[in-house]
Amino acid sequence: MHSVRQISDKLYYIGVNDRRLELFENLFPIPHGVSYNSYLLMDEKTVLFDTVDHSGSAQFIENLEYVLAGRTLDYIVVNHVEPDHAASLKDIIAKYENVQIVGNAKTFTFIEQFFGSKVNQHLVKEGDILETGEHKLTFVMASMVHWPEVMVTYDITSKVLFSADAYGTFKALDGGIFADEYGGFEDKFLKEARRYYTNIVGKYGLQTQKLLTKAKGLEIDIICPLHGPVLRGEDIGFFTEKQSTWSSYTPENPDDIFICYASMYGNTESVVNALAMKLAENGKKVSVMNACNTDTSYLIAEAFRCGKIVLASPTYNADLHPAMKTFTEDLKAIALRNRELYVIENGSWAAAVAKKIKEVADSMKNMEVKAVLSIKSSKVDEQAFQEFANQI
Ligand code: FEO
């Protein structure tokens, strides 16, 4: 059965939900699902904005045909070629042979690479205008947010921004299309938006900042992203401010402390618990996560949120515990910066944790190890512990 929602006079949401997929990109757990958003403008010309993942293709085509109601499809604007948004393109082109594909030069290179398709190209560059009847569309290049070909499309007539991966979030849509139908973006979507941004786009902070600067010059009433809810009203400003914070690698909560630990037999964990209590007693806001049983995407999101990070690990093969190694390498890969680091190293005979974490920190920007607490097995020097806690 079709499932569509009208967004404004001529614009429709025709995307699909995925609550079956366990790992987005075969990597990130999505316990609350994800939506693949697509939009259809029913002007004098009909315009589709992106398609969906192949898993939702049948539902998507049903939605598209329902809204088209016998009309043909004139244009498909491809803002992003990643297959979660473009995998259905081939099916749609097969149905509407004369459809013009609107994209930039890289869009068409990628379409051919991924789908081997020759398409009717309508090539655009920054600032070009496509008139579809009443509506005028213009195109803003957003390379590396999150792939090189990414662009966003602005409907000048209705002040709608089709923002591609920007303003995206994990989490399927439960019927509501607008974030404000859920009682506000912060309560319902912020955690998954943070996890989406920091893990998927986090490395490309500079490019995101560039796009946000360009978007400042546009008057925007509605934002239609490729994942998650459509934004309007105060949700636009709220999410823009969050994306600006994340993309500038500024901690959302500079004084909050994130303790991330690995522990083999519970000795390191015991010190972590004592530290968390001591910090809370000192009036600090603390979160604690076990790197050994928490997916790294949650650790990354928390590291973006907090200004202070405590890393606690036993020494393992003269290196970090593998779970801590994965986390710290991911922090580096995603280019996090501007955090204070505190290290608890456990080494029953040849401690290597502080040295290894300092090596990683030194290869990152403005990531300084402020203090180290060394423990041996379960043996902790009480005075050193107190001094360490007081420095955080
Ligand atoms: Fe949801 Fe970069 O694609």
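Met1 sits in the segment before strand S1, which spans 5-8. Keep in mind that this is a predicted model. Is Met1 buried or exposed? It counts as exposed, because its relative accessibility is 76%. Setting aside neighbours within four places in sequence, Met1 is in contact with Gln59, Glu62 and Asn63. Now compare Met1 with Lys356. They are 355 residues apart in sequence, and their C-alpha atoms are 56 Å apart in space.

Next, charges. Side chains of opposite charge can pair when their charged atoms come close. How many salt bridges does a search of the whole structure find? It finds 21. Let me walk you through some of them.

Take Glu181 and Arg5. Their closest N and O atoms are 2.9 Å apart, in a salt bridge. This pair links distant parts of the chain, 176 residues apart. Glu181 is in the loop between strand S15 (160-164) and helix H5 (185-201), while Arg5 is in strand S1. Glu181 is partly exposed, at 39% relative accessible area. Arg5 is partly exposed as well, at 28%.

Now Glu252 and Arg194. Their side chains meet in a salt bridge of 2.6 Å, N to O. Here 58 residues separate the partners, and again distant parts of the chain are linked. Glu252 lies in the loop between helix H7 (234-247) and S18, and Arg194 lies in helix H5. Why does Glu252 count as buried? Because its relative accessibility is 14%, and the cut-off for buried is under 20%. Arg194 is buried too, at 8%.

On to Asp256 and Arg305. This salt bridge has its closest N and O atoms 2.8 Å apart. Asp256 is in strand S18 and Arg305 is in helix H9, residues 296-305. They are 49 residues apart. Asp256 is buried at 11%, and Arg305 is buried at 15%.

Salt bridges can also form a network here: Lys10, Asp43 and Glu134 are linked that way.

Now a lysine without a salt bridge. Lys278 lies in helix H8. It is buried, and the nearest side chain of opposite charge, Glu281, is 4.2 Å away. What does the Lys278 side chain join in a polar contact of 3.2 Å? The side chain of Gln386. Beyond its close sequence neighbours, within four places, Lys278 is in contact with Phe385, Gln386, Ala389 and Asn390.

Last stop, the surface. Met264, Tyr265 and Tyr316 form a nonpolar patch there, with about 370 Å² of accessible area together. Tyr265 is in the loop between strand S18 (253-261) and helix H8 (267-281). Tyr265 counts as exposed, at 75% relative accessibility.

Terms used: Residues numbered from 1 in each chain as written. Predicted model: local features only at pLDDT ≥ 70, side-chain atom pairs only at ≥ 80, totals over all residues. Heavy atoms only, no water. Patch = residues over 30% accessible without salt bridge, like charges linked within 9 Å, V, L, I, M, F, W, Y side chains within 5 Å. Areas by Shrake-Rupley, 256 points an atom, 1.4 Å probe, with all protein chains shown as cover. Salt bridge = Lys/Arg side-chain N within 4 Å of Asp/Glu carboxyl O. Helix = DSSP H or I, 4+ residues; strand = E, 2+ residues; numbered from the N terminus. Buried < 20%, exposed > 50% of the residue type's maximum accessible area, 1.4 Å probe, protein only. Lys, Arg positive; Asp, Glu negative; His and termini not counted. Polar contact = N/O pair within 3.5 Å; in protein donor to acceptor, adjacent residues only side chain to side chain. Contact = heavy atoms within 4.5 Å.
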